[in-house]
Amino acid sequence: MKLLLFLLTLTTGLDTSPDKLSTLRLGTVRGVRSLQRVPRWKRERRTEHSSRSERKRRDSFGMFDGYDSCSEDTSSSSSSEESEEEVAPLPSNLPIIKNNGQVYTYPDGKSGMATCEMCGMVGVRDAFYSKTKRFCSVSCSRSYSSNSKKASILARLQGKPPTKKAKVLQKQPLVAKLAAYAQYQATLQNQAKTKAAVSMEGFSWGNYINSNSFIAAPVTCFKHAPMGTCWGDISENVRVEVPNTDCSLPTKVFWIAGIVKLAGYNALLRYEGFENDSALDFWCNICGSDIHPVGWCAASGKPLVPPRTIQHKYTNWKAFLVKRLTGAKTLPPDFSQKVSESMQYPFKPCMRVEVVDKRHLCRTRVAVVESIIGGRLRLVYEESEDRTDDFWCHMHSPLIHHIGWSRSIGHRFKRSDITKKQDGHFDTPPHLFAKVKEVDQSGEWFKEGMKLEAIDPLNLSTICVATIRKVLADGFLMIGIDGSEAADGSDWFCYHATSPSIFPVGFCEINMIELTPPRGYTKLPFKWFDYLRETGSIAAPVKLFNKDVPNHGFRVGMKLEAVDLMEPRLICVATVTRIIHRLLRIHFDGWEEEYDQWVDCESPDLYPVGWCQLTGYQLQPPASQSSRENQSASSKQKKKAKSQQYKGHKKMTTLQLKEELLDGEDYNFLQGASDQESNGSANFYIKQEP
């Protein structure tokens with residue numbers, strides 16, 4: 001009995017669970033009763049049609065409809081295919097491809113293609129119903145005979161939904177319909193090729209990873225990125241339907257491929273049937289519009305065609321795919337919908353926000369959202385007449401706030417010369433901004449003059465000796481770098497008390513990180529005990545710092561795309577070179593280590609490989625030797641000019657920009673940390689008593 005149920009599942013795709021079997025039995029009984037009410041000749045005809053329909057479902061395996069070599073009595077596949085091992089099991093939360101009786105069209109390139117005049121399905125002409133080969137099935141032929149259905153024919157072929165009240169249309173010749181369909185598909189294919197032709201100075205993530213055997217950080221490491229929280233178990237061996245580029249047909253056709261390697265959003269795919277042959281492997285963005293779950297072609301009426309290179313490798317493609325796909329995993333049916341939803345952003349152009357003043361870090365200014373790309377905002381300062389004075393940051397950046405934030409916490413704010421809002425501009429709702437962890441300032445808390453260690457926002461490759469200069473409301477602190485502060489405090493910067501960019505005294509020593517001493521301090525090597533005694537200061541209590549360490553998933557050597565926080569409009573090819581709990585050392589490929597940046601693992605300025613391609617943002621490839629030398633020379637000239645204009649800033653002797661340098665601007669600043677609450681914890685600070 002179990003063997004019978006197993007065979008029934010393979011051949012018909014029926015669910016053999018007890019509940020479903022009871023439903024099947026009930027349906028059979030009803031069918032017998034209905035046969036008793038009709039004449040014998042009608043019963044025989046109905047039985048013949050039912051047998052034909054059932055045989056068609058068995059032949060299809062849920063993927064083929066009328067492929068010449070896929071009939072019941074065809075010879076089995078080649079001996080090499082018969083000896084093939086079964087597909088290894090994959091993660092359980094992806095859809096399983098089952099023999100469920102769905103119809104897949106599968107032209108073999110020999111018998112010619114035909115389009116059903118009723119439903120628009122494309123398939124092998126010889127497999128179509130009736131002598132004229134106008135319909136794919138008996139049901140379509142009968143439906144066509146009804147006048148109420150004829151008006152939907154042209155609409156279906158054009159991809160439009162049929163109207164309920166339809167008039168009878170004059171039938172078009174089948175050749176004309178096929179020609180129109182072929183022209184339409186050719187147009188789509190040409191448009192896709194035109195878009196794919198755009199490259200970034202010849203840089204290809206796929207070639208870069210393959211040639212160096214790199215690994216990329218998984219999408220799940222980036223909760224703020226599209227699909228970051230719903231990526232699921234997409235991994236190697238997952239099957240998808242993709243365009244078949246190894247085909248001579250004039251129309252756009254598809255074939256099934258398996259994921260060989262994942263690198264962020266990018267996947268290395270191999271067509272089914274190539275086994276260990278990587279000759280036609282190709283990289284693509286798994287979230288692209290041409291990647292579909294297995295079954296999409298059936299639902300969309302798209303043809304499945306094997307690559308020309310292996311077209312004659314197997315004599316029975318049906319048996320081959322039965323073995324390869326049964327029990328395999330594919331993308332969720334709503335995958336493309338989830339991708340689209342995850343790329344919808346609440347921020348809109350003309351919204352007003354408060355953002356850090358890149359010329360004076362101690363204050364904020366009003367800026368207006370000019371554009372949004374992948375959640376990244378181009379903000380134009382409200383007083384900029386030519387709209388060129390801008391600032392780039394992510395919508396979850398801790399550097400932007402709602403209108404009125406500065407006044408509410410006591411932060412310095414530059415009032416705008418514009419007395420009223422410009423037409424169309426409106427304040428951003430406060431709930432759209434990243435939330436910071438609530439803190440209790442009533443008990444032991446930070447005080448002015450306390451010492452700590454902090455990432456220098458003007459030289460993100462260093463962690464420096466710092467001092468709390470002012471305590472604001474809601475847990476925010478104004479911090480200055482010892483030995484290089486401006487007399488007017490214009491280079492103080494604001495961090496929240498839970499920010500992962502500030503650390504207790506001794507953090508660098510414990511974790512073997514080089515601590516940058518105050519400028520001009522001569523007692524080297526630097527010792528905190530001596531420095532606190534000399535300055536008459538105290539260290540901020542260790543218990544006040546954020547000690548949460550989430551299970552971020554990053555590993556040393558992983559590739560990603562990262563914002564150059566000294567020039568925040570640029571996103572570059574980067575590598576994780578060091579991990580200290582939740583702190584990541586980001587190195588920009590092709591550049592010296594002095595350009596490295598310390599960034600929090602939950603920073604919204606880190607993205608998976610392929611993010612720029614997915615969102616349409618420009619990716620900066622690894623720098624070549626010549627470009628590094630040219631930028632180094634221009635940087636030295638720029639640094640000299642800036643150091644003469646702004647005295648007391650040690651950052652001007654080390655600040656270097658890798659791309660275009662903005663003339664007439666003081667600094668470009670972006671905090672390399674996220675103030676969002678982490679989802680894990682670990683104690684990694686050791687309190688050192690002086």
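Colleague: Which residues is T462 in contact with, leaving aside its neighbours within four places in sequence?
Modeller: They are A454, I455, D456, T516 and W598. A contact needs heavy atoms within 4.5 Å. This is a predicted model, and T462 sits in the loop between β16 and β17.

Colleague: Why does T462 count as buried?
Modeller: The relative accessibility of T462 is 13%. The cut-off for buried is under 20%, so T462 counts as buried.

Colleague: What does the side chain of T462 reach?
Modeller: It reaches the backbone oxygen of N459 at 2.9 Å. The limit for a polar contact is 3.5 Å, so this pair lies within the limit.

Colleague: How far apart are the C-alpha atoms of T462 and Q597?
Modeller: They are separated by 7.7 Å, although the two residues are 135 residues apart along the chain.

Colleague: Which residues of helix α15 are buried?
Modeller: In α15, residues 528-535, the buried ones are W528, Y531 and L532.

Colleague: What puts them on the same side of α15?
Modeller: Around the axis they cover an arc of only 95°, so they lie on the same side of α15. Their cover includes β16 (451-455), β17 (463-471) and β21 (515-516). After α15 comes G536, with a positive phi near 65°.

Colleague: Which residue in β12 does L379 stand opposite?
Modeller: L379 stands opposite F391. β11 and β12, residues 390-394, are antiparallel and pair over 5 bridges.

Colleague: Why are β7 and β8 called edge strands?
Modeller: The open sheet has 5 strands in the order β7-β6-β5-β4-β8, with antiparallel pairing. β7 (282-285) and β8 (292-293) each pair on one side only, and they are the edge strands. Helix α11, residues 317-325, packs on this sheet and touches β4 and β5. The direction of α11 makes about 30° with that of β5.

Colleague: How many bridges join β4 to β5?
Modeller: There are 5 bridges between β4, residues 239-243, and β5, residues 254-263, and the strands run antiparallel. E241 stands opposite I256 in β5.

Colleague: Where in the chain is confidence lowest, and where is it highest?
Modeller: Confidence is lowest in helix α2, residues 18-35, with a mean of 32, and highest in strand β26, residues 606-607, at 98. The chain averages a pLDDT of 74, and 62% of the residues score at least 70. Over residues 1-38 pLDDT stays under 50, and the model has 30 contacts beyond four places in sequence for them.

Technical notes
Residues numbered from 1 in each chain as written. Predicted model: local features only at pLDDT ≥ 70, side-chain atom pairs only at ≥ 80, totals over all residues. Heavy atoms only, no water. Buried < 20%, exposed > 50% of the residue type's maximum accessible area, 1.4 Å probe, protein only. Helix = DSSP H or I, 4+ residues; strand = E, 2+ residues; numbered from the N terminus. Arc of directions from axis to C-beta. Polar contact = N/O pair within 3.5 Å; in protein donor to acceptor, adjacent residues only side chain to side chain. pLDDT = per-residue confidence, 0-100. Pairing = 2+ DSSP bridges. Axes fitted to C-alpha atoms, helices over the stretch in contact; angles between N-to-C directions.
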